[in-house]
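Work through the following exercises with the structure open beside you.

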Amino acid sequence: MSQGTPQGGELHKFIFEGLPVRGVLVRLTGAWTDILARRAQSGGYPAPVRQLLGEMTAAAALMQAGIKFNGSLILQMQGDGPVALAVAEAQPDLSLRATAQITGEIPENARLEALLNLDGRGRCAITLDPKDRQPGQQAYQGVVPLHGDRGEPLQNLSEVLEHYMLQSEQLDTRLVLAADDHVAAGLLIQRLPIEGEGNLGGRSNEDEIGLNEAFNRIAHFAATLTQEELLTLDTPTILHRLFWEEELRLFEPMTPRFACTCSRERVGRMLVSLGREEVESVLAEQGQVEVTCEFCGQRQTFDPVDAAELFLSAAAHAPGSSTVQ
């Protein structure tokens with residue numbers, strides 16, 4: 001960590017002056033090690049899963065920083081390998097959390113195909129969930145398979161997300177991602193959408209795919225960044241080393257941090273949704289209902305009195321119910 005780096009990490013947005021290209025660079029330090037420390041209490045993750053989850057967390061931060069959206073961005077990988085599910089979530093203030101569910105043995109040095117896409121059924125989903133949903137409003141979700149246009153399995157998360165951005169937004173994107181047990185980091189370079197007169201007369205973003213010389217040049221520079229450099233060098237050094245011939249405008253840096261959105265109230269609503277019969281069955285067998293958050297490890301315990309209060313409160317607030325004063 002460079003001197004002066006915030007404890008949770010840092011995220012820098014920048015543009016290339018006079019060119020239709022933008023960039024974001026994130027280095028997660030404390031925000032990432034906090035996530036790993038929470039999971040370590042219950043055994044931790046194998047090394048290939050730690051790397052994947054770290055890259056996902058960095059990527060979620062990069063994508064959240066690049067959109068104007070008041071809600072959570074959820075990056076989810078699901079498949080038919082020993083990793084059943086991996087999730088990274090970023091809030092607008094760059095509070096982050098991540099988790100993975102492992103159902104089989106993880107091969108040493110396993111890459112994306114071996115972790116999630118053994119039989120070609122792996123998927124990557126990006127969900128944008130508004131904080132203040134209007135009645136009837138649904139979260140937006142885009143889904144892509146974990147293979148390329150020719151059906152070849154993709155081995156790196158960066159390739160999957162570049163493919164996603166090309167399909168969903170028709171925007172050229174170059175991503176470099178890396179993670180170890182101390183740092184999760186990423187660099188995103190993206191061609192900006194056509195604006196103003198460029199959009200008149202039927203010209204669209206698709207017309208520029210793969211053809212913008214400025215983006216192609218800068219993306220080529222970005223691709224020379226190694227994972228080791230991304231993990232060990234500070235932001236000024238990386239940007240100077242890659243783009244010393246370009247004129248950059250950097251914006252005020254943001255500070256990512258670990259934070260979980262779980263609460264006793266949310267767990268209570270989940271138990272109510274399961275139904276009284278299901279909850280009472282667990283109470284009869286175990287004497288209490290204990291729910292542990294997959295993201296932060298916090299435990300919420302409900303005894304029979306707590307459970308009864310949950311269902312009484314839910315009945316009192318149900319549509320059509322009346323309360324005796």
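**Exercise 1. Describe how helices α1 and α2 are arranged, and state which residues join them.**

Solution. Begin with the axes, which are lines fitted to C-alpha atoms over the stretch in contact, with angles running from 0 to 180 degrees between N-to-C directions. The axes of helix α1 (residues 30-40) and helix α2 (residues 47-65) come within 11 Å and cross at roughly 135°. Therefore α1 is oblique to α2, given that angles under 35 degrees count as roughly parallel, over 145 as roughly antiparallel, 65 to 115 as roughly perpendicular and the rest as oblique. The crossing of the two helices is right-handed, a word used if the near helix is turned clockwise from the far one by less than a right angle. Next, look for contacts, meaning heavy atoms within 4.5 Å: α1 contributes Trp32, Ile35 and Leu36, while α2 contributes Arg50, Leu53, Gly54 and Thr57. Sorted by class, these are four nonpolar, two polar and one charged residues, where Ala, Val, Leu, Ile, Met, Phe, Trp, Tyr, Cys and Pro count as nonpolar, Asp, Glu, Lys and Arg as charged, and the others, Gly among them, as polar.

The model is predicted, so local features need pLDDT of at least 70 and side-chain atom pairs count only at pLDDT 80 or more, whereas totals for chains, interfaces and linings use all residues. Residues are numbered from 1 along each chain as its sequence is written, and side-chain values use heavy atoms, with hydrogens and water left out.

**Exercise 2. List the buried residues of α1 and find what they pack against.**

Solution. Buried means under 20% relative accessible area, exposed over 50%, and partly exposed in between (1.4 Å probe, protein chains only). By this rule the buried residues of α1 are Gly30, Ala31, Trp32, Ile35, Leu36 and Arg39. Their partners are α2 together with β2 (21-28), β5 (95-102), β9 (184-191) and β11 (257-258).

**Exercise 3. Place Thr127 in the fold and trace its contacts.**

Solution. Thr127 lies in strand β6 (residues 123-130); helices (H or I, at least four residues) and strands (E, at least two) are DSSP runs, numbered from the N terminus. With a relative accessible area of 13%, Thr127 is buried. When neighbours within four places in sequence are left aside, Thr127 is in contact with Ser72, Leu73, Ile74, Ala139, Tyr140 and Gln141. With Gln141 there is also a side-chain to side-chain polar contact of 2.9 Å, that is, a pair of N or O atoms within 3.5 Å, of which, within protein, one must be able to donate a hydrogen and the other to accept it, and residues adjacent in sequence count only if both atoms are side-chain atoms.

**Exercise 4. Is Arg191 buried or exposed, and which side chain does Arg191 join?**

Solution. Arg191 is found in strand β9, and its relative accessible area of 1% makes it buried. Its side chain is joined to that of Asp172 by a polar contact of 2.9 Å.
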